[in-house]
Amino acid sequence: LPPRPHNLCQVCWEGPFAAQLGLFEKALDLEELLKGPYLSDGGYSYSISQASLNFGAATGCVWCKLILPTHNRLPNTQSSDDESPTSEENLEVRVTVGRSISDSAALAMGSNSYQELLVIVNSFPGFGATLYASADDPAAAYITGRPPLLDVGSTHTLSLAKTCLDECIHEHKHHDALLECPGSESLLPTRLIDCTDPERPRLASTAGQSGKYVALSYVWGQDQPHKTTTANIDAYKRGIDPSLLPQTIRDAIRVTHSLGLRMLWVDTLCIIQDSAQDKLNELGHMHHIYRNAYLAIIAANAHNVSEGFLQQRTAPEVQPTLPFVCTTTSSSPSDVNGTETASQVGQIYMTDPHYFDKTVGFWGDADRDPIKARAWCLQEYMMSPRMLVFASQTIQYRCSTTVRNVGRGRLSLRGPRLPGALLLPTTPAIEPLSVEWSAIHDTWLWIVQDYSRRAITFPSDKLVACSAVAAEYHRVLRSDYLAGFWRASLLKDLLWHVPENARRPRPTTYRAPSWSWAAVDGGIMAASFLGEDDENVIAELVRCEITLKEAALLFGEVTSGTLVLRAPLI
């Protein structure tokens, strides 16, 4: 082992860092971990006393400083001063470096486009972070991520993005059909922006044609006076002056054209905004618009439509850095087996660690892009089979089968994806409440948790803004949809709750029954993560009905709801 770096204590240097942070150990499963104490194997394990941890942090050990805050965040840990951990207490720490465990599609395809550090303390999640190394550092042979690209709007970067798209089209069609990316031709939305001439885009009616188009997902953030109305639609069909458009839409037109594509869908231009009938028609097809798009442009970094998303990114602040032991092997003719002969110390960088929060039960959100806070953007992200994500840090390409950072730059953007069964053109018949059905249903609950934390401009859109995702789940779950719940699992679903000591106001205008999570503002905890035992169910569902505002929108607004349960009095 090389000499100990100055920013590590002896315990950490001879333990997890000598073991290369568990890089070559069995990977840990985050989804299993978040259901309760992690009792499976995997990762590199070691024990450290509270006294040693405190001493290491006080004397500048960067790893001890990262571990130290985890103790009071753990479930069943007291945070009061009189019950603080004793110096004799030992912490059992488990660490691993592996593929991103936050993306099921990447795992299923064995994607290794970036790696994630995960730390468990006393069998509960401590913190995680995404790792990267400079290309000329010896650690680059072990760590696949690279510093982020900052010039996201340059010709070079957009060329790299086009390469990602082209490789996806030609290679991923040969993968397992369950995760196969859709083909290039699909039924076009009612209207699209023709970007053939970026200096003179125009609104085009598709008249039921098939073809390729790009869809834009972005944060409105303000009124859009340029929107399509009954008064300007004919003029827009002849041509649109780009100077009238906000920067985000102009950037989307440029990217579409740079990728060699012609048609672009933008809600504010492709839906007649002052026509209630046109809005109703288009909302009814919203799940098809993003699902059938050849590519979605995700303007993740823009707080509002005027900001744009192609500006030069700011270099990140100095990230926590860690030493990494890099072993070298002999290449002499007499040593054909490649015996280890020496080690050198490289350097790896990590994102700001995202810690587990016991009050809400999920990872503290490491993704600070504005789009992560908006309700409508979640389903646009989830429904899109291919995405070019313009984040505040860099640019990333995602599809149904893999995640790739353009230029291999590190990016920590997370987000739930649809289960593989929902990606099939024809959904399989799954027995309600079977193991497979329940596994898919649990992913819905994950989505509800994420969605409930997001802001929405019009409270009446609470159910509408996730209706496309609900429609996709309905194809597989095949159960009545009841204001955010499924009839087949209703008793369990009703056990949602708000985080401890949190207050969740209700809107002044009715939008959902009081028993629905959609009736409150703010993040909730879904039932799947409360550890209920189905064998102890004592209630019986007598009746549950909801009244839709529009009969044609099966997953949209409701005007009333009734729930009747039968259970013994205790």
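Modeller: A residue is called buried under 20% relative accessible area, exposed over 50% and partly exposed in between, using a 1.4 Å probe and protein chains only. The model is predicted, so local features need pLDDT of at least 70 and side-chain atom pairs count only at pLDDT 80 or more, whereas totals for chains, interfaces and linings use all residues. Residues are numbered from 1 along each chain as its sequence is written, and side-chain values use heavy atoms, leaving out hydrogens and water.

Ser479 sits in the loop that joins helix H14 (467–477) to strand E19 (481–482), where helices (H or I, at least four residues) and strands (E, at least two) are DSSP runs numbered from the N terminus. Because its relative accessible area is 7%, Ser479 counts as buried. Beyond its neighbours within four places in sequence, Ser479 is in contact (heavy atoms within 4.5 Å) with His474, Trp486, Arg487 and Ala488.

As for nonpolar packing, a core is a set of buried Ala, Val, Leu, Ile, Met, Phe, Trp, Tyr and Cys residues joined through side-chain atoms within 4.5 Å. The largest such core has 110 residues, of which Leu216, Leu388, Phe390 and Tyr473 touch the most other members. A second, separate core of 38 residues includes Cys12, Leu23, Val62 and Ile143.
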